[in-house]
Amino acid sequence: MDTVAFGTIDSPVGTILVALTEHGLAATSFDATPEDRARVLARLRLPEVRDPVRTAEAEAQVAAYFTEPTRFTLPLDWRGASRVQRSVLTTLFETVGFGRTVTYGELAAREGSGVPARAIGSIMGANPIPLVVPCHRVVAGNGLGGFSGGEGVEVKRWLLTYEGAIPATLDWDPAALHP
């Protein structure tokens, strides 16, 4: 019987939850709350086990992402994804590396099955493995576009700035001028 094991990683964008089955990484979340675990368990329909050996490599690779550019090499468990979702997300995972971006339309063309750009946005919003399958690197033709992870578009902006894909913005705290 398949099971799911959870691990967590503290990061600059929150505590990241990883969920692994015997087949690979099945989910990540920018919030490691009990509600997030429950959503993953409900989606996967698998019993939870404690298995730090199973989660160790995923935890190490996610932690390494925040200290050095890395390409994730974890096996992915696409359980529950449709054929189209899997195709689009696999194309993203395999072709858009650290520090790169692609528009919704460009990803649709790259994937090649005729999925319209609007549908790409929906697929990104339903990505079960954000960060590792880098939906934050998919942007609108006229700006950042949306993001459903963590604190939303601000997390997307932080990740893209960290990767060097967009320039850093000026952090300005007017209170600092008047101590």
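Let's start with a pair of helices: α4 (residues 104-111) and α5 (residues 117-125) pack at an angle of about 95°, and their axes are 8 Å apart. Keep in mind as you look around that this is a predicted model. An angle from 65 to 115 degrees counts as roughly perpendicular, and α4 and α5 are therefore roughly perpendicular to each other. On the α4 side, the contact is made by Tyr104, Gly105, Leu107 and Ala108, while α5 brings Ala117, Ile120, Gly121 and Met124. Sort the residues of this contact by class and you get 6 nonpolar, 2 polar and no charged.

Now stay with α5 and ask which of its residues are buried. They are Ile120, Ile123 and Met124. If you look down the axis of α5, these buried residues fall within an arc of 100°, so they line one face of the helix. Turn to the other side of α5 and you'll find Arg118 and Ser122, which are exposed. What do the buried residues of α5 pack against? Their partners are α3 (83-95), α4 and β6 (138-139).

That brings us to α3, which also packs with α4, this time at an angle of about 100° and with the axes 9 Å apart. So α3 and α4 are roughly perpendicular to each other too. Here Ser87, Val88, Thr91, Leu92 and Thr95 in α3 meet Leu107, Arg110 and Glu111 in α4.

In what order do its 4 strands come? Reading across, the order is β3-β2-β1-β4; the sheet is open and its pairing is mixed. The edges belong to β3 (24-29) and β4 (48-49), each with a single partner strand, so one side of each is left without a neighbour in the sheet.

β1 (residues 4-11) pairs with β4 in the parallel sense over 2 bridges, and Val4 has Glu48 in β4 as its bridge partner. With β2, β1 runs antiparallel, and 7 bridges join the two. Two of the residue pairs to look for are Gly7 with Val18 in β2 and Ser11 with Gly14 in β2. How many residues does the hairpin from β1 to β2 pass through? The answer is 2 residues.

Carry on from β2 to β3 and you meet another hairpin, which joins them through 2 residues. β2 and β3 pair in the antiparallel sense over 5 bridges, and Leu17 stands opposite Ser29 in β3.

How covered are these strands? In β1, 6 of the 8 residues are buried, so the strand is mostly covered. In β2, 6 of the 8 residues are buried as well, so β2 is largely enclosed by the rest of the structure.

Finally, look for the helix that lies across part of this sheet. Helix α2 (residues 52-65) lies across β1, β2 (14-21) and β4, and runs at about 25° to β1.

Terms used
Residues are numbered from 1 along each chain as its sequence is written. This is a predicted model: local features need pLDDT of at least 70, side-chain atom pairs count only at pLDDT 80 or more; totals for chains, interfaces and linings use all residues. Side-chain values use heavy atoms; hydrogens and water are left out. Two strands pair if DSSP finds at least two bridges between them. Contact means heavy atoms within 4.5 Å. Axes are lines fitted to C-alpha atoms, for helices over the stretch in contact, and angles run from 0 to 180 degrees between N-to-C directions. Angles under 35 degrees count as roughly parallel, over 145 as roughly antiparallel, 65 to 115 as roughly perpendicular and the rest as oblique. Ala, Val, Leu, Ile, Met, Phe, Trp, Tyr, Cys and Pro count as nonpolar, Asp, Glu, Lys and Arg as charged, and the others, Gly among them, as polar. Buried means under 20% relative accessible area, exposed over 50%, partly exposed in between (1.4 Å probe, protein chains only). The arc is that of the directions from the helix axis to the C-beta atoms.
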